[in-house]
Amino acid sequence: MTARSEPGLRGTAFTGTRHLMRLILRRDRIVLPIWILPLAVLPASYAGAFTGLYPTAAERAAYLASTASNPSIVALLGPVYGDSIGALTVQRAGLFAMIAALASVLTVVRHTRTEEEAGRRELLGASVLGRYAGLTAALLVTYAANLLLGLLIAGGLVAAGLPGAGSLLFGAGVALTGIAFATVGGLAAQLTQSAGGARGIGLGVLGLAFALRLGGDAGGSGGSGGRAEWLSWISPLGWGPRGRAFTGERWWVPLLPVLFSVAVALVAYPVSVRRDVGAGVLPPRLGPATAGGALAGPFGLAWRLHRGQLLGWAVGFGLLGLVLGGAADAAGDAVQGNEQVAELLARLGGSTTLAEAYLGSTLSLTALAAAGYGIQAALRARAEETAGRAEPLLATAVSRVRWLAAHLVFALLGPVVVLAVTGAATGLSYGLSVGDVGGEVPRMLGVGLVQVPAAWVLAGLAALLVGWLPRFSWAAWAVLAGCLLLGQIGAILELSQWVLDISPFTHTPQVLNNNWTPLPLLALSAAAATLLTLALKTFHTRDIPTP
């Protein structure tokens, strides 16, 4: 039985919260900036891009009429309530609140349920530590990170020349959405005894919220709403856009995520002290008495660990591909007559046909997400090691190289599956709109798959860090964030080519342009193979520390 600090005996129920917050900030001093800074910088860059590409009200009105109000784009990014620079920027950054929510769920689960699963929470609980200290510290740090993100977004938009009131409301919408899902993560950590289960619950709620918002916004255009708009009003992801930043601000809307957070916290806190440390409210599902034959080797175990995540990514990006393909024609029509936008899209997408250039540029952005899957799959080996599950396996006849290679198979296979599904779904949707499914599916499939070697390079880098510098394996996410920034604002800011060349995605050939060569693909594949070989070699010789 674990000792607990009782109010009046060894302090209050919140004793030690401040010290735990300092510990969390020290441990996440690199991770927090990795997801805060890109999200803080990009909205201002979007505002600058819209100002340069659509300088007149007539051009913005045309963009709104043909693209921003397209049902497919509204379903993906959210509604738009005007043709001002601010209103268009808010919609373009519509997915940022979802990214902040995702990061918040993962952060809270990491510092609550993961700590319990590793046994560290029980050791701390036996000391002078309040019953609510662990959950409170994780929530307060994540809340503070989201508030800082919101202030940075607002400050950046003001610096870009947008009105202060709308900038503050948009920043608050992103921050409060992150706070709402941080609280969801806190509750999820009380419901199950495994960190994976808690992440699954938190991400499931996030997926449900996105599905509700998508369903509510899909029938509307230009913020006009539809008969199903009520679905968006019951989704925490639908509240931020309905604050109508830069277009008749509704300052009462941010109260909705605040009330939601309070309601979820009122459930999470009592549950956190009524369960045993290490246990969850939901009983674990018992497995079979004997393991199946597939678990006899390291690959079978890796498949068991990665299959759910791989399936979820494939389904999610398949749906995304359908939306992107359906919006391509409208996106192409929107930039007819705007030479700046047409030139930028052609440069990014590799085609003079504007709809295809749009698809090429968006699929190249999808490749960054696929690289994120590769990094996550490679770092799963590090997570197994730090949790103490790798050492018992490596004490058997399983070699280090076979064990790590089993995880790296999914770091390589995952981006292939994600990009293939996205490309095929995009080709199907776009092919239906232009009446050429048989021709567009293989073309868009090729556009997706040609991005794979660049994603492999980042997966190989993550694997090398696991094998060589495991304490710095988080740096792979920092590299991905840098590639995202270069890809999003590099062309807009007209950065030097040598700066853009830092990102492996810059070297991906544009297959929609007939004048391309496979040499960059071979070079990127060779670089990835070299990184993976070094990863296996260094992991074979380094120590496996006891957790």
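Helices (H or I, at least four residues) and strands (E, at least two) are DSSP runs, numbered from the N terminus. By that rule the chain has 24 helices and zero strands. The model is a predicted one, in which local features need pLDDT of at least 70 and side-chain atom pairs count only at pLDDT 80 or more, while totals for chains, interfaces and linings use all residues. Residues are numbered from 1 along each chain as its sequence is written, and side-chain values use heavy atoms, with hydrogens and water left out.

Of the 547 residues, 50% count as buried. Buried means under 20% relative accessible area, exposed over 50%, and partly exposed in between (1.4 Å probe, protein chains only). Contact means heavy atoms within 4.5 Å. Among contacts between residues at least 6 apart in sequence, 78% join residues at least 24 apart.

Next comes the interior. In soluble globular proteins, nonpolar side chains tend to be buried together. A nonpolar core is a set of buried Ala, Val, Leu, Ile, Met, Phe, Trp, Tyr and Cys residues joined through side-chain atoms within 4.5 Å. The largest one here has 43 residues, and I375, W403, L408, L458 and F505 have the most contacts inside it. Helix α21 (452–468) is among the helices that supply at least two residues of this core, and its share, eleven residues, is the largest. Leaving aside neighbours within four places in sequence, I375 is in contact with L458, A462, A476, W477 and L480. A second, separate core of 39 residues includes A47, A93, A103 and L162.

Charged side chains form another group of links. A salt bridge is a side-chain nitrogen of Lys or Arg within 4 Å of a carboxyl oxygen of Asp or Glu, and the structure holds twelve of them. One joins D28 and R110 (2.2 Å, N to O). This pair links distant parts of the chain, 82 residues apart: D28 is in the loop between α1 (17–27) and α2 (31–53), and R110 is in helix α6 (residues 96–110). D28 is buried, at 1% relative accessible area, whereas R110 is partly exposed at 29%. Another salt bridge joins R380 and E384 (3.3 Å, N to O). Both of these residues lie in helix α17, four residues apart, about one turn of the helix. R213, D217, E229 and R242 are linked in a network of salt bridges.
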